[in-house]
Amino acid sequence: MATSAGTEAGGGGRSSAAGAAAPALVAAREVSRFYRLGAAVVPAVRDVSLEVRRGEFVALQGPSGSGKTTLLNLLGLLDRPDQGEIAVAGQDANSLSEDARSDLRRDRFGFVFQTFNLLAVLSAEENVAYPMALAGVAAEERSRRARELLDAVGLQGKYGVRPDLLSGGQRQRVAIARALANRPELVFADEPTANLDSHTADGILDLMREVSESGGVAFLFATHDPRVVARARRVVLLHDGRVESDVAR
Amino acid sequence: MNAFALAWRNLLRQRRRTILMGAVVALGFAAFALAGGFIAQSFAGLKEGTIQSVGQLQVVDRRAVSGTEEKTLEFGLHDGARARAIVARDPAVEAVIPRIDFVGLGTNGARSVPFLGVGVDPEPEAKATLAGDLIVSGRYLSGDGGDGVVLGTGMASALAVKPGDSITLMATTPDATLNAVDATVVGLVDVRIKELNDRYVAIGERLAGRLLQSDGTVSKLVVFLKPDADENRVAQRLEQSLTAAGYPIAVRHWKDLAVFYGQVKLLYIGIFGFVGAVLIVIVILSAAIVMTMAVTERTREIGTLRALGTRPSGIQRMFLTEGVAIALIGCVAGAVLALIIRSALNASGIILPPPPGATHGMPINVEFYPLAYAAGILAMVLTMLVASYFPARRASRISIVEALTHV
């Protein structure tokens with residue numbers, strides 16, 4: 001696994017171990033992202049190189065403002081870097097059009113957000129079915145798979161319920177089901193447990209880990225939560241926008 | 001879930017705003033449909049009235065198209081009866097009536113008043129035109145007209161005569177001598193245009209021939225066509241057959257003759273076009289504000305949709321669909337509103353003031369004019385598309401990261 005400058009023990013070793021022939025699901029190469037705050041230009045991410053491969057369960061850890069979410073957004077093609085390259089399955093994503101990037105997100109990635117971000121006007125089933133509709137899956141197949149996914153995340157019988165009638169944990173389960181709808185290779189999860197109580201958070205994380213292990217789906221978390229870090233098989237520590245360590249466990 | 005179903009749910013979520021915007025569209029649509037119906041009715045009435053007055057086609061001597069007569073019947077059609085028979089043979093012709101135009105003086109012995117005279121074939125004239133319906137006192141000419149004369153009310157008033165009284169009509173003949181005939185007033189007519197009422201004289205074709213000493217010559221032939229007849233083709237046929245028969249004629253269409261019709265139509269189009277444009281601008285501005293608010297409120301949702309793989313065009317389409325959905329809802333409500341207002345207006349008996357130069361107002365009558373409703377739907381859908389376009393475009397261009405962190 002290639003790592004950024006300043007990466008410590010573990011990251012380098014893992015990099016060589018993971019140096020398989022298949023390209024990384026997503027890779028950042030010397031990526032930087034700056035934000036303007038008034039007249040000042042603040043670096044959120046600086047010269048970061050990072051790869052995520054199939055089936056990995058990776059936690060991006062670091063204090064607030066360390067660049068976790070920014071890096072997650074860059075790797076998830078939600079944002080474009082000011083410098084450096086983001087590659088998806090070996091293909092440079094910077095040069096792609098917005099439509100092509102949208103298609104890549106739809107087909108290869110899943111997203112789980114801190115605030116769930118379910119569509120309020122859609123039922124649980126419709127929320128899960130939405131990415132499939134974007135991918136052109138037939139209505140019947142969408143419904144069947146959406147129910148299957150909801151069953152898998154423990155929401156049997158909640159198919160027609162709108163998000164506002166679900167608990168926080170249930171909403172996050174719907175969001176996970178939605179993230180898995182198009183059989184992604186990689187799910188990005190930004191503080192997925194931040195709005196959940198500890199018991200629910202444990203359940204959600206166990207579910208994600210199970211999905212990762214059984215389906216070979218990679219997960220990349222941006223998190224403060226020690227429970228996430230405890231379950232991660234690789235922890236990337238960010239500090240001031242740089243990778244401080246990248247440790248496989 | 002298709003785009004319309006999603007749009008419908010979003011509209012239901014923002015119910016108050018949807019109702020407000022739908023109401024604006026409904027009012028706009030109702031105004032459009034009602035004004036359209038009123039204009040269409042006015043145009044149809046004006047056209048019908050014009051055709052009843054001047055016919056659909058007029059056969060005249062070619063010189064009459066651009067020249068001005070210096071002598072009575074200088075550009076007349078000689079042997080008008082033969083030309084009339086040729087015209088009447090065309091299968092598309094419903095009726096053909098002769099007109100002899102002349103000017104002169106009418107006198108009751110004590111007072112003389114200038115007039116604009118027309119010689120007619122009374123019974124076909126009454127049948128094909130409104131002449132008989134406009135009588136306010138006495139009757140219209142009958143038979144060949146005999147020595148009867150119908151006067152405009154203003155003319156009768158100026159001469160202080162009533163049906164049954166006698167007057168003398170004086171006019172110059174084609175060879176420029178002055179001639180006079182006595183006539184008996186049989187009826188008074190209100191031709192609804194004041195200036196014409198003060199000068200109007202109608203007599204039978206035979207009496208006109210005697211007065212003008214021009215038996216058989218007519219100024220024009222007024223042609224009425226059967227329904228669905230092709231005006232241009234008939235004109236072409238008449239021109240060919242009459243030219244072949246030795247008449248140097250031209251065939252004129254009612255639109256060329258009714259300058260007033262064209263002017264009124266342009267005036268109406270101008271007025272209602274301006275009001276319509278103002279209406280559309282109001283709807284566009286209102287809708288643009290509402291759609292901009294919707295985009296702002298749903299910024300985070302836009303970010304989510306984009307993150308999930310919705311293309312920018314998909315976001316744009318979503319808001320445009322909502323705009324179209326509001327337009328369609330508003331049009332349905334507007335159609336109901338328009339029908340209610342129409343019934344109320346038609347039942348109200350409100351009399352519209354007379355148009356310039358006319359003597360009578362008309363009761364308000366708003367027709368159900370399907371084309372106006374169809375045009376209203378089209379106008380409102382286009383208006384909402386225009387109004388939604390810029391907010392929708394803005395929505396499609398929002399940075400995903402900024403949208404996801406929008407509060």
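This is a predicted model: local features need pLDDT of at least 70, side-chain atom pairs count only at pLDDT 80 or more; totals for chains, interfaces and linings use all residues.
**Chain A as a whole**

Chain A is built from eight helices and ten strands. Its radius of gyration is 18 Å, close to the 18 Å that the globule rule gives for 249 residues, so chain A is as compact as a globular protein of that length. For your own bookkeeping, here are some values for the chain.

| Property of chain A | Value |
|---|---|
| Radius of gyration | 18 Å |
| Box filled by the C-alpha atoms, along the principal axes | roughly 50 × 45 × 40 Å |
| Buried residues | 52% of 249 residues |

**A closer look at helix H5**

Helix H5 of chain A runs over residues 139-152 and has 14 residues. From its first C-alpha to its last it reaches 20 Å, close to the 20 Å expected at 1.5 Å a residue.

In soluble globular proteins, nonpolar side chains tend to be buried together. Here the largest nonpolar core holds 123 residues, and those touching the most other members are A:Val58, A:Leu60, A:Phe219, A:Leu220, A:Phe221 and B:Val25. Helix H2 of chain B (residues 15-54) gives the largest share of this core, twelve residues. A second, separate core has 58 residues, among them B:Val186, B:Val218, B:Val223 and B:Ala235.

Leaving aside its neighbours within four places in sequence, A:Phe219 is in contact with A:Phe57, A:Val58, A:Val187, A:Ala189, A:Met208 and A:Ser212.

**Where the chains meet**

How many residues does each chain bring to the contact? Chain A gives 19 residues and chain B gives 16. On the chain B side, the elements that give two or more residues are helix H1 (3-13), helix H12 (299-307) and helix H15 (400-404). The largest share of that side, five residues, comes from H12(B). By type, the residues of chain B that touch chain A divide into six nonpolar, four polar and six charged.

Technical notes
Residues are numbered from 1 along each chain as its sequence is written. Chains are lettered from A and ligands numbered from 1 in the order in which they are written. Helices (H or I, at least four residues) and strands (E, at least two) are DSSP runs, numbered from the N terminus. The expected span of a helix is 1.5 Å times one less than its number of residues. Two residues are in contact if their C-beta atoms, placed from the backbone, lie within 7 Å. Ala, Val, Leu, Ile, Met, Phe, Trp, Tyr, Cys and Pro count as nonpolar, Asp, Glu, Lys and Arg as charged, and the others, Gly among them, as polar. A nonpolar core is a set of buried Ala, Val, Leu, Ile, Met, Phe, Trp, Tyr and Cys residues joined through C-beta atoms within 7 Å. A residue is buried if 20 or more other C-beta atoms lie within 10 Å of its own, exposed if 12 or fewer, and partly exposed in between; C-beta atoms are placed from the backbone. The radius of gyration is taken over C-alpha atoms; the globule rule is 2.2 Å times the number of residues to the power 0.38.
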